[in-house]
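Please keep the sequence and the structure in view while reading.

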Amino acid sequence: MSDDSVPEGEPTPANSDHLLVERAVAGDQRAFELLVIKYQRRIERLIGRMVRDVDLVEDIAQETFIRAWRALHQFRGDAQFYTWLYRIAVNTAKKALMDLKRHPAAYGVNGASSDDEDETYRRENEQTTEETPESELAAREIAQAVNAAMDALPEDLRQAVVLREIEGLSYEEIAEAMACPIGTVRSRIFRAREAISARVRPMLEHQSGKRW
Amino acid sequence: MASGGKGGGFSRQAGEQMNTEEQLKLREQVSALADGQLHGVAFAATVEQLGGDEDGRASWHVYHLIGDVLRSSELGTCQHDRDFVARLSARLQAEPGVPRGLDGLHESPELIANSDRNTLGIAKIDRKSRAAANDGSYRWKMLAGLATVVAAAAIGWSGLGDRSGEALLARQSAPEPVKVALGAGPTGGAESVSVGAVLIRDPHLDGLLAAHRQFGGSSAFQNPSGFLRNATFDTGASRGPRAPGQ
């Protein structure tokens, strides 16, 4: 590993989150935005399971991050940042649903019965916000592109990225498993990501709304 | 540093520019950052660079997207990632910043989610429509509290008043010196005599009351009836001899 990697506790993405939180609390909004970019999909997916209205999902996700930003100084790192964020998102969504139930006409949302507030509620054959035909197609295309890129990777790169992304192993554990230096692991994972990214990025550009 | 442009996202031109050695180095740092492998100076420098480099942020986004999709294909469905972050960024700039100096405070995520400073469009509408319900009015709460105190006082006062009435009634029904008419005989003239607390009255009246006792007990006016009964029995010593059968 190069000099860039200073071992302060076990190097994990969670530690990276905590460091980003520290920077955000110190006033670095960009650091917080990196956390938003990282977790936005998971938060929207979570809220999308509770709320079916497309605009409301995004509004609640925005509200979740705003509330997290305001309360960021209270995050002490006892739990993972995503766990903390997850709880804020769930409670923000529940509060929005309660408000929605009180004044359904004010939101222009129809068909929101009390049963809909159940996090596990799912009407049969009904698409949620995240499951419009366009988004389903886009998601399928991205998944196919990622899988095709994975298949096309050299074995050592594929193995490294699988151990990292799917198995969740640290660089040290991957180095031990693959019997190579940590710097090699880092390089293999980066090259694998770049190869997959080269296939995915043009798709993101061409999808409606320009994802990035 | 070459950049894809702040608002332009990933493009072919930017793709050509970012294939520079410097861009590759930054992206490698971003990859390591995504895996939590950077600390200290390297971490700070990379985050600093990412803040102003759209291509670096795009790499950060795509690397995490790849990981999310590998773990769950459902996580590839969000469609407005960049717009979402841009909108949030604008809102964050309007915020006063992360509060500081409240280190002792540690609210739960539930409290954070339910705090009053709600900026959801929903909540704004909701608050407006609920204004007439007096929920947020301090004066209304004061009035409600005052009404409660007044009601409690009224109930207490009425209870006390009942007890005062009972005491008054008890005083009124206490034995007093009674003036009764003493007759010399069934047809004799009446004579009024006051004899302190001792009840002296016409024996004929006692006889009459004794003969009609069954009516006294069934009266709807219990107190006078009771008095009459008591008077009947309490004055036995002063009664004259009764005729058999009376």
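A crossing is called left-handed if the near helix is turned anticlockwise from the far one by less than a right angle, and right-handed if it is turned clockwise. The model is predicted, so that local features need pLDDT of at least 70 and side-chain atom pairs count only at pLDDT 80 or more, while totals for chains, interfaces and linings use all residues. Residues are numbered from 1 along each chain as its sequence is written, and chains are lettered from A and ligands numbered from 1 in the order in which they are written.

Chain A contains 9 helices and 0 strands, where helices (H or I, at least four residues) and strands (E, at least two) are DSSP runs numbered from the N terminus. Of its 212 residues, 45% are buried; a residue is buried if 20 or more other C-beta atoms lie within 10 Å of its own, exposed if 12 or fewer, and partly exposed in between, with C-beta atoms placed from the backbone.

The crossing of α7(A) and α8(A) is right-handed. Their axes, which are lines fitted to C-alpha atoms over the stretch in contact, with angles running from 0 to 180 degrees between N-to-C directions, come within 10 Å and cross at roughly 140°. The two helices are therefore oblique to each other, given that angles under 35 degrees count as roughly parallel, over 145 as roughly antiparallel, 65 to 115 as roughly perpendicular and the rest as oblique. On the side of α7(A) the contact is made by A:Q159, A:A160, A:L163 and A:R164, and on the side of α8(A) by A:I174, A:A177 and A:M178; residues are in contact if their C-beta atoms, placed from the backbone, lie within 7 Å.

Two residues, one in α7(A) and one in the loop between α8 and α9 of chain A, are set side by side here.

| Residue | Exposure | Other C-beta atoms within 10 Å |
|---|---|---|
| A:A179 | exposed | 7 C-beta atoms |

Leaving aside neighbours within four places in sequence, A:E165 is in contact with B:G67, B:L70 and B:R71. The C-alpha atoms of A:E165 and A:I189 are separated by 9.5 Å, although the two residues are 24 apart along the chain. For A:A179, phi is near 55°, a positive value in a residue other than glycine. Most residues other than glycine have a negative phi.

Note on methods:
Contact = placed C-beta atoms within 7 Å.
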